[in-house]
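This briefing is for a reader who has not seen the structure before. Please look over the sequence and the model first.

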Amino acid sequence: MEPQTVFETLKGKFGDAATELQSEGFRPAFVVVSPEKLPEIALFLRDDPAMKFDSLMCLSGVDYKDRFAVAYHLYSMTHRHAVGLKVFLPRENPSVASVDGVWPAANFMERETFDLYGIDFPGSKDLRRILLPDDWDGHPLRKDYKYPDFYHGIKV
Amino acid sequence: MTRPAEALPTQEMLINMGPQHPSTHGVLRVLLRTDGEVVVNARPDVGYLHRALEKIGERVTYAQFMPFTDRLDYLASMNCNCAYAWAVEKLAGIEVPERAEYIRVIVSELNRISSHLIAFGSFTADMGAFTPFLYSIRERERVNDLFEDLCGNRLTYNFARIGGVSADLPPGFLEKTKEFLDYFEPKIDEYNKLISYNKIFVHRLAKVAVITAEDAIAYGLTGPNLRGSGVRFDLRRDEPYSVYPKLDFDVCVGSGERGALGDCFDRYMVRINEMRESVKILRQAIAQIPEGPVAAKVPRVFKPPVGEAYFRSECPRGETGFYLISDGTGNPSRLKIRTGSFVTMNIFEKVTVGLMIADIVAVIGSFDIILPEIDR
């Protein structure tokens with residue numbers, strides 16, 4: 001199934017929750033959805049017999065300077081097709097529902113995104129910093145991140 | 001005075017395994033909560049080797065990031081090199097000369113053999129058999145010699161380039177590779193005779209940490225760990241890239257031959273069998289490799305068009321994916337690296353419930369994780 005068809009199906013089922021199809025220059029194409037509807041859309045994409053996106057290849061945070069995004073790369077082992085799913089989040093208190101109940105693989109990748117971007121995933125079964133120490137200040141992959149001069153009194 | 005056993009106070013114990021422990025394959029720390037010898041909960045703690053590769057990626061140009069990919073998975077640098085090059089080429093839409101693609105496939109498969117040899121050797125050493133490790137290192141040495149001929153390095157190669165490879169094959173390389181294959185192929189049977197079906201070894205692995213096919217897919221396992229659960233999925237065949245469609249090989253899967261499909265033994269056997277398939281691929285690639293240029297013309301100041309691309313390729317430790325975002329400048333605006341080992345660690349807590357402490361070592365070894373790839 002092509003991303004175009006996925007987008008149209010989502011549009012038919014969820015209306016305006018599927019806001020945009022990013023296809024020109026995007027490999028694979030992204031279906032942009034509104035963050036509020038993400039849990040339902042994720043479940044639908046996983047369980048619908050024609051979709052069957054049972055595998056979450058990659059979950060990444062992105063800083064687009066004016067806003068954040070979380071990109072989900074989905075793949076179907078059954079039908080062997082792929083699509084991207086993206087939600088845009090505001091710079092202030094970015095937060096989107098966790099999908100680790102839909103794809104358990106999401107847990108570590110969400111923790112990583114939380115750690116490095118400060119994006120919150122309410123509903124996650126275990127959201128802690130993963131790569132950085134627990135007491136680290138700030139989220140380094142944000143474009144406006146200020147490098148600290150000291151860590152525990154040690155010059156960095 | 002004796003007391004009945006049930007009156008003795010017992011309590012769970014918290015044990016810290018690692019980060020400096022030879023069987024954790026690097027600096028992995030596992031927090032074990034045990035009830036006697038039985039593991040109640042094993043929580044992995046990663047991040048000790050975090051070098052902020054993704055942040056560095058945003059500060060260097062596309063070409064300058066190539067040496068950093070060597071440090072992703074230092075036992076399979078060639079695979080990571082090529083994966084990154086393919087990802088950038090997908091982003092920018094660059095056509096790569098066929099000879100360069102064949103060279104990439106040849107070095108990738110050689111590196112897959114040497115990586116699986118380390119997986120095999122260190123796994124058996126973890127299980128208490130030290131001799132096979134010496135055998136596997138002996139064979140790997142010959143692959144390292146080949147790579148030293150090729151690019152001067154033995155561990156971090158920095159060999160691939162955007163649009164091709166850094167240099168053509170040196171004279172006699174293909175002949176030497178063929179010699180190595182003739183020497184190496186019978187050794188796989190030797191390993192099987194030496195250790196694979198050794199009774200003690202099999203007992204340590206069979207029916208330990210069984211992962212069903214559904215779980216393997218849901219938890220995002222890839223590579224040999226996924227195939228060990230019986231899922232016949234290999235990116236080289238199912239999402240073909242480079243010249244893999246022209247090469248004939250089998251996708252090895254676990255068969256549950258020692259009691260349970262998806263146990264540690266199946267994952268181990270998949271790697272042994274994959275070495276044989278790599279030999280098969282290499283023989284065909286050597287026979288088919290055409291003459292021609294080894295690099296496409298890529299401008300010195302390389303600025304891919306605005307866009308986003310996700311490319312994944314089959315590395316020895318599963319799928320290595322690069323998610324690249326270009327804003328039209330010379331540096332990536334975002335460079336996300338998805339590695340097989342990192343996602344695999346996700347299922348660790350689930351499969352280790354109820355195992356013995358010694359089995360934890362078997363599970364880590366059967367996943368064949370590598371820490372620099374987890375922590376990046």
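The model is predicted.

**Chain A: elements**
- Chain A contains three helices and eight strands.
- Along the sequence, the elements of chain A come in the order α-β-β-β-α-β-β-β-α-β-β.

**Chain A: dimensions and packing**
- Taken along the principal axes, the box filled by the C-alpha atoms of chain A is roughly 55 × 30 × 25 Å.
- In chain A, 42% of the 156 residues count as buried.
- Counting contacts in chain A between residues at least 6 apart in sequence, 44% join residues at least 24 apart.

**Chain B: helix 6 and helix 11**
- Helix 6 of chain B spans residues 173-196 and helix 11 of chain B spans residues 264-288.
- The two helices pack at an angle of about 165°, and their axes are 10 Å apart.
- Because angles over 145 degrees count as roughly antiparallel, helix 6 of chain B is roughly antiparallel to helix 11 of chain B.
- The crossing of helix 6 of chain B and helix 11 of chain B is left-handed.

**Chain B: residues where the helices meet**
- From helix 6 of chain B, the residues in the contact include B:Leu174, B:Leu181, B:Phe184, B:Glu185 and B:Tyr191.
- From helix 11 of chain B, they include B:Ile272, B:Met275, B:Arg276 and B:Leu282.
- By class, this contact of helix 6 with helix 11 of chain B has 10 nonpolar, three polar and four charged residues.

Terms used
Residues are numbered from 1 along each chain as its sequence is written. Chains are lettered from A and ligands numbered from 1 in the order in which they are written. This is a predicted model: local features need pLDDT of at least 70, side-chain atom pairs count only at pLDDT 80 or more; totals for chains, interfaces and linings use all residues. Axes are lines fitted to C-alpha atoms, for helices over the stretch in contact, and angles run from 0 to 180 degrees between N-to-C directions. Helices (H or I, at least four residues) and strands (E, at least two) are DSSP runs, numbered from the N terminus. Angles under 35 degrees count as roughly parallel, over 145 as roughly antiparallel, 65 to 115 as roughly perpendicular and the rest as oblique. A crossing is left-handed if the near helix is turned anticlockwise from the far one by less than a right angle, and right-handed if clockwise. Two residues are in contact if their C-beta atoms, placed from the backbone, lie within 7 Å. Ala, Val, Leu, Ile, Met, Phe, Trp, Tyr, Cys and Pro count as nonpolar, Asp, Glu, Lys and Arg as charged, and the others, Gly among them, as polar. A residue is buried if 20 or more other C-beta atoms lie within 10 Å of its own, exposed if 12 or fewer, and partly exposed in between; C-beta atoms are placed from the backbone.
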